[in-house]
Amino acid sequence: MKNRLEEIRKKHGIKQEELAHALEVTRQTISSLENGRYNPSIVLAFKIARYFEMTVEEIFIYEEERSNEY
């Protein structure tokens, strides 16, 4: 899953530490999310969306893996 978290966070002038504190997670969690090493729980995804007053879909982009099998 891709996301626009880093872009959105920087646009709002918020540091990773500030966002982590507001969401009650570690800065490392925010870093991992932004680098695509970690997908958030549904609860965390909604917290992030609520924090930025956006929808989950505006921040997180789900792309299904395509199978060559029919």
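Author: Buried, in what follows, means under 20% relative accessible area, exposed means over 50%, and partly exposed is in between (1.4 Å probe, protein chains only). You're looking at a predicted model, where local features need pLDDT of at least 70, side-chain atom pairs count only at pLDDT 80 or more, and totals for chains, interfaces and linings use all residues. Residues are numbered from 1 along each chain as its sequence is written, and side-chain values use heavy atoms, leaving out hydrogens and water.

Reader: Okay, is serine 31 buried or exposed?

Author: Serine 31 is found in helix α3. Helices (H or I, at least four residues) and strands (E, at least two) are DSSP runs, numbered from the N terminus. The relative accessibility of serine 31 is 13%, so this residue counts as buried.

Reader: What does serine 31 contact, leaving aside its neighbours within four places in sequence?

Author: Contact here means heavy atoms within 4.5 Å. With those sequence neighbours set aside, serine 31 is in contact with Gln16 and Arg37.

Reader: Let me zoom out. In what pattern do the strands and helices follow each other along the chain?

Author: The chain has five helices and two strands. Its C-alpha atoms fill a box of roughly 45 × 25 × 20 Å, taken along the principal axes. Read along the sequence, the pattern is β-α-α-α-α-α-β.

Reader: Within what arc do the buried residues of α2 fall, seen down its axis?

Author: In α2 (residues 16-23), Gln16, Leu19, Ala20 and Leu23 are buried. They line one face of the helix, because the arc they fall within, seen down the axis, is 100 degrees. That arc is taken over the directions from the helix axis to the C-beta atoms. The buried residues of α2 pack against α1 (5-11), α3 and α4 (42-51), and the arc itself is 100 degrees.

Reader: At what angle do the axes of α2 and α4 cross?

Author: Two packed helices are described by the angle between their axes and the distance between the axes. Axes are lines fitted to C-alpha atoms, for helices over the stretch in contact, and angles run from 0 to 180 degrees between N-to-C directions. The axes of α2 and α4 come within 10 Å, and their crossing angle is roughly 115 degrees.

Reader: What does that make α2 and α4 to each other?

Author: Angles under 35 degrees count as roughly parallel, over 145 as roughly antiparallel, 65 to 115 as roughly perpendicular and the rest as oblique. α2 and α4 are therefore roughly perpendicular.

Reader: Now the loops. What is the relative accessibility of glutamate 24?

Author: Glutamate 24 lies in the loop between α2 and α3. Its phi is positive, about 60 degrees, although glutamate 24 is not a glycine. Glutamate 24 counts as exposed, with a relative accessibility of 69%.

Reader: And what is the relative accessibility of glutamate 53?

Author: The loop between α4 and α5 (56-59) holds glutamate 53. This residue is not a glycine, yet it has a positive phi of about 55 degrees. Glutamate 53 counts as exposed, at a relative accessibility of 75%.

Reader: Last one: how far apart in space are histidine 12 and lysine 2?

Author: Histidine 12 has its place in the loop between α1 and α2. It is partly exposed, with a relative accessible area of 44%. Histidine 12 and lysine 2 are 10 residues apart in sequence, and their C-alpha to C-alpha distance is 19 Å.
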